[in-house]
Amino acid sequence: PPPHRRLRAGRPRVGQGDAGRWEGGGGWARSPRAARRDPPHHPTTPPQCARLADEFGVVHLSAGDLLRAHTKSGTPDGDAVAAMIRDGAIVPSSVTIALLRAAMDAAAAATGAAAFLVDGFPRNDENRAAYEDATAAPPSFVLFFDCPEAVMKARLLGRNQGRTDDNEATIAKRFAVFTAASMPVVSHYERQGRVRRVDADRHPDAVYAEVRQLFEGVAAAAK
């Protein structure tokens, strides 16, 4: 298959040393590298991903959307994934990686796509290591949307997308899971100097104005 350049976008993440802030991530990479994002699903991220995909011509893949589609497959594996999502738990790496790679390969075969913006993965350090082992392609760029927890919760509860995990009890679980499981991923990429942070507690246009500047530089360097 053609070489892939992949981006990362982000779900809410708790900033180190600041329990009241949440961040999400994204980035740009080459060869078979993928963009990922972490839990819980950051309501700022999908609009930003859509705009980045439109402007930079990348394929936006949401790990969460792929998993939710899998839950409707009627298979035992899909039913098990559905139960994990309802409980705010992390889905096994093998399942998410297989779905992402299949979607990337399908897009590449159909359109010749070579760049992907992937959000919602990795959710923990095991996810990260498993993906990098499977593809030999760590990301070169990680973007984090930083937003106060209270604002994040209000956005999640108010988006009205009919998601079974958009309720106060599950949101609390997702925040807790993120703090315990996903912060090692943040720390890993921070040590590598790959993290870029953006204040997401602003109008979406203001957020995008900053985000696109980051992606402009990365896109130019990747050509």
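A: Setting aside neighbours within four places in sequence, T96 touches A63, L67, V91 and F121, where a contact means heavy atoms within 4.5 Å. T96 belongs to helix α4. Helices here are DSSP runs of H or I with at least four residues, strands are runs of E with at least two, and both are numbered from the N terminus. The relative accessible area of T96 is 4%, so T96 is buried. The classes are buried for under 20% relative accessible area, exposed for over 50%, and partly exposed in between, using a 1.4 Å probe and protein chains only.

All of this comes from a predicted model, in which local features need pLDDT of at least 70, side-chain atom pairs count only at pLDDT 80 or more, and totals for chains, interfaces and linings use all residues. Residues are numbered from 1 along each chain as its sequence is written, and side-chain values use heavy atoms, with hydrogens and water left out.

One of the partners of T96 is V91. The C-alpha atom of V91 lies 9.0 Å from that of A80, and the two residues are 11 apart in sequence. A80 sits in helix α3, which covers residues 76-86. With a relative accessible area of 34%, A80 is partly exposed.

Apart from neighbours within four places in sequence, the contacts of T71 are G78, D79, V81, A82 and I85.

F121 is joined to P122 by a cis peptide bond, with omega at about 5°. P122 is in the loop between β6 (115-119) and α5.

What does α5 pack against, and at what angle? Helix α5 (residues 125-135) packs against helix α7 (residues 168-191) at about 55°, and their axes are 7 Å apart. That angle makes α5 oblique to α7. Axes are lines fitted to C-alpha atoms, for helices over the stretch in contact, and the angle runs from 0 to 180 degrees between N-to-C directions. Under 35 degrees counts as roughly parallel, over 145 as roughly antiparallel, 65 to 115 as roughly perpendicular, and the rest as oblique. On the α5 side the contact is formed by D125, R128 and E132, and on the α7 side by A181, P184, V185, H188 and Y189. These residues comprise four nonpolar, one polar and three charged. For that sorting, Ala, Val, Leu, Ile, Met, Phe, Trp, Tyr, Cys and Pro are nonpolar, Asp, Glu, Lys and Arg are charged, and the others, Gly among them, are polar.

The loop between α6 and α7 holds N167. N167 has a relative accessible area of 27% and is therefore partly exposed. Its C-alpha atom is 6.5 Å from that of L157, a residue 10 positions away along the chain. L157 is part of helix α6 (residues 149-158). L157 is partly exposed too, because its relative accessibility is 35%. Beyond neighbours within four places in sequence, L157 contacts D166, N167, E168 and I171.

Now the whole protein. It has eight helices and eight strands, and buried residues make up 52% of its 223 residues. Of the contacts with a separation of 6 or more, 76% are between residues 24 or more positions apart. C49 is buried, because its relative accessible area is 1%, and C147 is buried at 0%.

Confidence is given by pLDDT, the predictor's value for each residue from 0 to 100. Its mean over the protein is 76, and 76% of the residues reach 70 or more. Helix α4 (residues 93-111) has the highest confidence, with a mean of 92, while strand β2 (residues 14-15) has the lowest, with a mean of 30. Over residues 1-41 pLDDT stays under 50, although the model has 245 contacts there beyond four places in sequence. Where pLDDT is low, the predicted coordinates should not be read in detail.
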